[in-house]
Amino acid sequence: MSINWYLMVSALVFCVGAAGVLTRRNPLVVLLCLELMLNAANIALIAFSRMWGNVDGQIFAIIVMVVAACEVCIGLGLVVAIYRRRLPIDVDELRELQG
Amino acid sequence: MTEVLFFIAAIGAIAGAAGVVSLQNPFYSVLALVFHLLSLAALFLLLQAQFVAAAQFVVYAGAVMVLYVFVVAYVGAAEAAHFKSPVGGGQRTLAIGFALALFVELCIAVLGSGLDAIGTDGPTVAFGFGGPEQLGRALLTRFLVAFEVASYLLLIAAVGAVVLARRRGGIHDEEETRVSAMAFLRPPGVGTMAEAVEGRTGTPVHRELGPPGDAGAPAPTAGDGAGTAAERERVR
């Protein structure tokens, strides 16, 4: 399969993830949609790595996976902290950063 | 053969993505994301990225998604009814329009690219391309700084998650300090040295038996002010 096809899949998944971030209100699902966008970037990176016959893009993809794991860790910690404080778990209602 | 596998994996990935966005229950969204990640691992294998595919399979679809499932089980189910109504119609239309515009733009960028190699299958690569040996060599020589920074980032994230999700006010709670089994094995009326020094009496057994007057909670310790106690009540 030519590299074009992989890039198309990547673009489609990225757009679906972006639409999800904008339309969903549950912060857990917003985090899942962010994962979708990061994974779309990963497909593109690995497709380019294959295109050049060189592993640099795969290293980049692994670093992106590390960043995604950190983001999940902090994001879920925030969701648990919000739940403990009995605040509404809704990104529309959480407008203030002040505790 | 490659074409068939590609289309199966690609359709699986896109269907998983659509499921994440459209399913109402966050638990099903997580399961759809797991399906999406497994399809993606198949795509990575087709692109000769064996190590990344294995990492995706084990670390991402395994460990990270288990974390998600735990948090959704802890938080999600009770809140599901709250999200029945989606965001307002205007924002929804706007968001879908934005996503479509983005897709068209990305298509133009890909199809109009001046790179000739983008229309090929890529060069033939040696056996072992994308394997652990090659990746490890690159990660520990040319990309050593990125590797170290990523490890610091993971450390910071772990510490941050512990700080964010801990209980406020430490472990001064009565039930939480009483972790010793001896507290429950002691006969009624027998206290510990610490209780004698603090001037309070009573194992849990004793408190049930004793007169109601002296069964009250001990005074809060100096570092654990009234504000913290009130906050702990609110957290409950």
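Residues are numbered from 1 along each chain as its sequence is written, and chains are lettered from A in the order in which they are written. Because the model is predicted, local features need pLDDT of at least 70 and side-chain atom pairs count only at pLDDT 80 or more, while totals for chains, interfaces and linings use all residues, and side-chain values use heavy atoms, with hydrogens and water left out.

Chain B has 11 helices and 0 strands, where helices are DSSP runs of H or I with at least four residues and strands are runs of E with at least two, numbered from the N terminus. Of the 236 residues in chain B, 28% are buried, that is, under 20% relative accessible area with a 1.4 Å probe and protein chains only. Among the contacts in chain B with a separation of 6 or more, 49% join residues 24 or more positions apart, a contact being heavy atoms within 4.5 Å. B:Ser39, in helix α2 (residues 26–46) of chain B, counts as buried because its relative accessibility is 9%; leaving aside residues up to four places away in sequence, B:Ser39 touches B:Ala9, B:Gly12 and B:Ala13.

Between the chains, the contact takes 70 residues from chain A and 87 residues from chain B. Chain A and chain B bury about 7,500 Å² between them, 75% of it on carbon and sulfur atoms, buried area being the accessible area (1.4 Å probe) that two parts lose on being put together, summed over both.

Helix α1 (residues 3–23) of chain A packs against helix α1 (residues 2–22) of chain B at an angle of about 10 degrees, with the axes 9 Å apart; α1(A) and α1(B) are therefore roughly parallel, the term for angles under 35 degrees. In this contact, residues including A:Trp5, A:Tyr6 and A:Val9 of α1(A) meet residues of α1(B), among them B:Phe6, B:Phe7 and B:Ala10.

How values were computed: Axes fitted to C-alpha atoms, helices over the stretch in contact; angles between N-to-C directions. Parallel < 35°, antiparallel > 145°, perpendicular 65-115°, else oblique. Buried < 20%, exposed > 50% of the residue type's maximum accessible area, 1.4 Å probe, protein only.
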